[in-house]
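Subject: Structure handover

Hello,

Here is the structure I said I would pass on. My notes follow below it.

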Amino acid sequence: MELLFSSQQWLALLPPIILCILLFSYVYIILWLRPERLRQKLRSQGVRGPKPYFLFGNIPEMRRIQQLAKSAHEQEAGSTDMFSSNYVATLFPYFLHWSRVYGSIYLYSTGSIQVLNVTDPNMVKELANCKSLDLGKPCYLQKERGALLGMGILTSNGDLWVHQRKVIAPELFMERVKGMVNLMMEAAMSMLNSWKNEVEDRGGSAEIVVDEFLRTFSADVISRACF
Ligand SMILES: *[C@@H]1O[C@H](CO)[C@@H](O)[C@H](O)[C@H]1NC(C)=O
């Protein structure tokens, strides 16, 4: 058996090796260097956040915090209210944790996507009022979540966004929206009552799948507001 490769065999190995190296550097640049440069820029402006890992960003930490929150929640189950409106604490405990540690503006990563989370009311107001086309929606909203979120005002940029905004703006003047609050409350009350009835019917506790209810709720609000 020939143990040493001949030079010809080495040559044959060269292309796959080079391909592998290229692939790795591509992945490294896209998934680490580029986001790291972005994070560096934000860090230099004083934005802090949990330290990300290669490939997975802060997902491992999200899992860990969620697990901790879940076991804490189970321990105090029974002492809490039956209805809690603080869904962030239950569903996304890591956001609460990070905003406590890093303040109202922080940065986290889900691997390829870097997220700047802003909960400072003044800055959110300023962002919401900004009409500049330079301040766009992140492209992953359309590229990866397009099937879910569509091409509506929440995900679009540029001319498409301008057009949609112009079309809906008159419906959303503050005075008009204020007038809709009661309609929304009425729709919400009737949904909550149907849940209450279901809970009572089942003797004090019931598992309610909210999806269909929320769809009906949206349709209810829209039909009350429009007609
Ligand atoms: C940002 O943080 C808030 C709570 O601090 C949370 O409700 C919200 O879902 C977060 N959004 C994103 C995109 O991280």
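Helix 9 and helix 10 cross in a right-handed way; a crossing is called right-handed if the near helix is turned clockwise from the far one by less than a right angle, and left-handed if anticlockwise. This is a predicted model, in which local features need pLDDT of at least 70 and side-chain atom pairs count only at pLDDT 80 or more, while totals for chains, interfaces and linings use all residues. Residues are numbered from 1 along each chain as its sequence is written, and side-chain values use heavy atoms, with hydrogens and water left out.

Helix 9 covers residues 174–201 and helix 10 covers residues 210–226; their axes come within 9 Å and cross at roughly 150°. The axes are lines fitted to C-alpha atoms, for helices over the stretch in contact, with angles from 0 to 180 degrees between N-to-C directions. The two helices are therefore roughly antiparallel (under 35 degrees is roughly parallel, over 145 roughly antiparallel, 65 to 115 roughly perpendicular, the rest oblique). Helices here are DSSP runs of H or I with at least four residues, strands are runs of E with at least two, and both are numbered from the N terminus.

The domain assignment gives domain 1 (20–119) and domain 2 (170–227), with bounds that come from an automatic or database assignment. Their centres, taken over C-alpha atoms, are 32 Å apart.

UniProt, in an unreviewed entry, places a "transmembrane region" at residues 12–33. Its positions are given in the numbering used here, feature names are shortened, and annotations may be inferred rather than shown by experiment. In the model, residues 12–33 are 100% helix and 0% strand, with the end C-alpha atoms 31 Å apart.

Leucine 55 lies in the loop between helix 1 (7–44) and helix 2. Although not a glycine, leucine 55 has a positive phi of about 75°. Most residues other than glycine have a negative phi. At 42% relative accessibility, leucine 55 is partly exposed (buried is under 20% relative accessible area, exposed over 50%, partly exposed in between, with a 1.4 Å probe and protein chains only).

Glutamine 67 is in helix 2 (residues 59–75) and is exposed, at 52%. Between glutamine 67 and proline 93 there are 9.4 Å in space, C-alpha to C-alpha, and 26 residues in sequence.

There are zero disulfides, a disulfide being a pair of cysteine sulfur atoms within 2.5 Å. For cysteine 130, the nearest cysteine sulfur belongs to cysteine 139 and is 18 Å away. Cysteine 130 is partly exposed at 27%.

Regards
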